[in-house]
Amino acid sequence: MASFPAFTVPRPLMAALERGAVRLPLDGLGEAQGGAGVGRPLELVDPTGTFLAWTLSDSENGFLYVLSRSPEDLPTDALLRRRVLEAFELRAVLRLIPPDGRVGGSFRLVNADGDGFGGIVVDVY
């Protein structure tokens, strides 16, 4: 099983997570600021060590983006591939792309929070 750095979330950020926030300020984690890096998966835990969320860090812009609130959804390539496939299938159902998957124009494949990719947008041209 993969191991990811875990950071304890202070009360103000816990309240934001409980309200459903998908983007958190990195400076709110204190010690995580220096070690977060760009695109690094982080586990957020409460003061008792209970899992809260998987996030991706964006130290260049000062945010953490929530990927999942399920401990089983490890932030791996498999999770990202599944989310992209789900986004693609949703757009096919909505007839935003042809059923055969061939793309003739441009469209937004991943729309950040709406597709469970906080802060990530993927456009197809």
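# A chat about this chain

Visitor: Which strand is E43 in?

Guide: E43 sits in strand β3, residues 38-45. Helices (H or I, at least four residues) and strands (E, at least two) are DSSP runs, numbered from the N terminus. Before we go on: this is a predicted model, where local features need pLDDT of at least 70, side-chain atom pairs count only at pLDDT 80 or more, and totals for chains, interfaces and linings use all residues. Residues are numbered from 1 along each chain as its sequence is written, and side-chain values use heavy atoms, with hydrogens and water left out.

Visitor: How does β3 join up with β4?

Guide: β3 and β4 (residues 51-58) run antiparallel, joined by six bridges. Two strands pair if DSSP finds at least two bridges between them. P41 faces L56 in β4, for example.

Visitor: And what order do the strands of the open sheet come in?

Guide: There are five, in the order β1-β3-β4-β5-β2, with mixed pairing. β1 (6-8) and β2 (23-25) are at the edges with a single partner strand each, so one side of each has no neighbour in the sheet. On average, neighbouring strands here are turned by 40 degrees against each other, direction ignored. Helix α1 (residues 11-18) packs on the sheet and touches β2, β3, β4 and β5. The direction of α1 makes about 170 degrees with that of β2; axes are lines fitted to C-alpha atoms, for helices over the stretch in contact, and angles run from 0 to 180 degrees between N-to-C directions.

Visitor: Why is β5 called largely enclosed?

Guide: Because five of its six residues are buried, the rest of the structure largely encloses β5. β5 runs antiparallel to β2, with three bridges, and antiparallel to β4, with five. F63 in β5 stands opposite P25 and also opposite D58.

Visitor: What's in the turn between β4 and β5?

Guide: Those two strands form a hairpin with four residues between them, including G62, which has a positive phi of about 80 degrees.

Visitor: New topic: where is D73, and what does its side chain meet?

Guide: D73 is in the loop between β5 (63-68) and α3 (77-93). D73 is buried, at 18% relative accessible area. Its side chain makes a polar contact of 3.2 Å with that of S68. That means a pair of N or O atoms within 3.5 Å; within protein, one must be able to donate a hydrogen and the other to accept it, and residues adjacent in sequence count only if both atoms are side-chain atoms.

Visitor: Last one: is R95 buried or exposed?

Guide: R95 is exposed, with a relative accessible area of 73%. R95 is in the loop between α3 and β6 (107-111), and has a positive phi of about 60 degrees without being a glycine. Most residues other than glycine have a negative phi.

Note on methods:
Buried < 20%, exposed > 50% of the residue type's maximum accessible area, 1.4 Å probe, protein only. Contact = heavy atoms within 4.5 Å.
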